[in-house]
Amino acid sequence: MTVGFIMLCHEAPDRVAQVARHWSEAGCPIVIHLDAAVGAREHDALRARLSDRPNILFSRRVKCQWGRWSLIRATQMAAETMLERFGNVSHVYLASGSCLPLRPPDDLHRYLDTHPGVDFIESARIEDVPWTQGGLDHERFTLRFPFSWKHRRWLFDGFVRLQRRMRVRRRIPRGLTPHMGSQWWCLTRETLDAILTHPRRAEFDRYFRLVWIPDESYFQTLVRLVSERVESRSLTVAKFDFQGKPHVFYDDHLQLLRRSDCFVARKIWPRADRLYAAFLSGPADGAGSATPQPGKIDRIFSKAILRRTEGREGLYMAGRFPRPDRIKATTSARYCVFEGYGDLFDDFPDWVRRATGLRTHGHLFAPERAEFADGHTMYSGALSDNPTLRDYNPSAFLTNLIWTTRGERQAFLYGPRDTPDLDRIFPYDPNADVMVVSGAWAVRLFRSDMPFAEIRQRATLLQKREDAHLQHLRSRWVKARVRITTMADFVEAPEEALQTIVDDLSTRRAVQLTEAPRMVDLSGFGQFLQNLRNVGMHPYLMGDFPTEEPASRDVPMVRRPYVAR
């Protein structure tokens, strides 16, 4: 058994010569088609380099274009040369000039010996093909495509629109069921000869000449007419990104390619010296009779596609800036936002740190400065407490903070006084835990020495801001874990809310609440709200707060067993 290789080449003649010589020295005949777009000097130099190998021939040249019939014509001419000049060839393997053999040819011969008469070509019906790009699946066979998609895109698109408007529909040749698959195949001599000498070949060629990307459908369709044993898979590992463009393999993909057990890989970077040295001039370390399994490395490429399309959660960079409609989370790790708690408890951040182990900041988005934990003016990632720098891009400020402190869960205070509008950020971030005591911002006004007329104006503004913010938190599109309590309900039983914080957020083992922060003095707060009502304001976010309020008190300790959730 002898396998002949057809190489379709258009660049990197040095690598073409290196690979062709490798296969030739193993006894495999080679037919090279060099794109007519390559200059005559390069063509003559390549022929001269390989002139000492009698089993390497060159076919007639045509100028090839991506997605055009010229690729099929080049393959046909090379295949005709192969079958005519090398009568001992039992199989023909189609490769490109950027392909690299991963296993010795002897491994391929042994593998084909165990699969006599089998044609290895990916061939799937249109309905079962998920990888077509641009929306042209059925239409690539029912419309005409006389213009190049790459070089005359406006004509290509315009002619497609015209045919759709006129409801043009080509007739598929009788007996043909369009199939699609990888361009790279390994066919038996009998099958390839049957395709090239088919009595209806002229009819088929006329039809496929105007099919879009015929190199993915011509042989894949005709093989179903002439072959008795088709194994719908390629022996070449070729991976594509989400746009249908081929992945390029570099030196650091060496171990990855070895794991695939495939015989050939495409597409190799021409300057991947380590890959060429390992697979061509290194010791023959083939996988013996192992079955090619490109699916073994699919998981890695699937992750690469996800990384390319969705970015990395919480990481923003110039080369891969995530699109808002694709990212799942704004940030890279869980964090907690407390709203209103800092107004009710003077030492709340310190208590959260002691009770849960969270790194708890003050108001990170306060008008004066970013209140980092422990009074720092500069924090991880060289984040400054300067409000001008922070407010230039508050979303980036938050995501940078979470990214540079990943491994240590962060928490911070937030409220309607804070200057940046974050309603489009953490309410729709699945990494956020948001705990709100609505209306608690009024406590700071209650304790201030501002004139009452100014307090009323300020309260109206803050209530309007918080109400709009709560609408985001209650949206059906919200992704954060949100818990909203009115101030009246919270003050009635604060120990339950504090125990919930410990239960849900503690980074340590489940513990019972044994220490609580000191609540501020709320004596007269109910009357303060009534005074606001009396001057025409309606403070509704606080809930049904009683007019008469008991004296200030410490939150009682909770003595109840912990129940795991």
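Guide: In this predicted model, contact means that heavy atoms lie within 4.5 Å of each other.

Visitor: Which residues does Arg 369 touch, not counting residues up to four places away in sequence?

Guide: Arg 369 is placed in the loop between strand E14 (359-363) and strand E15 (378-379). Leaving out residues up to four places away in sequence, the residues that Arg 369 touches are His 363, Leu 364, Gly 375, His 376, Thr 377, Asp 385, Pro 387 and Arg 390.

Visitor: Is Arg 369 buried, partly exposed or exposed?

Guide: The relative accessibility of Arg 369 is 27%. Buried requires under 20% and exposed over 50%, so Arg 369 counts as partly exposed.

Visitor: What is the length of the polar contact that joins the side chains of Arg 369 and Asp 385?

Guide: Asp 385 is one of the residues that Arg 369 touches. The two side chains, of Arg 369 and Asp 385, are joined by a polar contact of 2.9 Å.

Visitor: How many aromatic pairs does the count come to?

Guide: Rings of Phe, Tyr and Trp pair if their centres lie within 6.5 Å. By this rule the count comes to 37.

Visitor: Are the rings of Trp 185 and Phe 219 stacked, tilted or edge-to-face?

Guide: The ring centres of Trp 185 and Phe 219 are 5.0 Å apart, with 50° between the planes. Stacked needs planes under 30 degrees apart and edge-to-face over 60, so this pair is tilted.

Visitor: How many residues apart in sequence are the parts that Trp 185 and Phe 219 tie together?

Guide: Trp 185 lies in the loop between strand E8 (179-180) and strand E9 (186-188), whereas Phe 219 lies in helix H9 (residues 218-226). Both Trp 185 and Phe 219 are buried. Because of these placements, the pair ties together parts whose separation in sequence is 34 residues.

Visitor: Which helix holds Phe 490, the partner of Tyr 341?

Guide: Tyr 341 and Phe 490 form an edge-to-face pair, 5.5 Å centre to centre with 85° between the planes. Tyr 341 is buried, with a relative accessible area of 4%, and Phe 490 is buried at 1% relative accessibility. The pair links distant parts of the chain, 149 residues apart: Tyr 341 is in helix H13 (residues 341-344) and Phe 490 in helix H19 (residues 487-492).

Visitor: Over the face of which residue does Arg 406 lie?

Guide: Arg 15 lies over the face of Tyr 276, at 4.0 Å from the ring centre. Arg 406, at 3.9 Å from the ring centre, lies over the face of Trp 403.

Methods:
Residues numbered from 1 in each chain as written. Predicted model: local features only at pLDDT ≥ 70, side-chain atom pairs only at ≥ 80, totals over all residues. Heavy atoms only, no water. Phe/Tyr/Trp six-rings, centres within 6.5 Å; stacked < 30°, edge-to-face > 60°. Helix = DSSP H or I, 4+ residues; strand = E, 2+ residues; numbered from the N terminus. Buried < 20%, exposed > 50% of the residue type's maximum accessible area, 1.4 Å probe, protein only. Lys NZ or Arg CZ within 6 Å of the ring centre and 35° of its normal. Polar contact = N/O pair within 3.5 Å; in protein donor to acceptor, adjacent residues only side chain to side chain.
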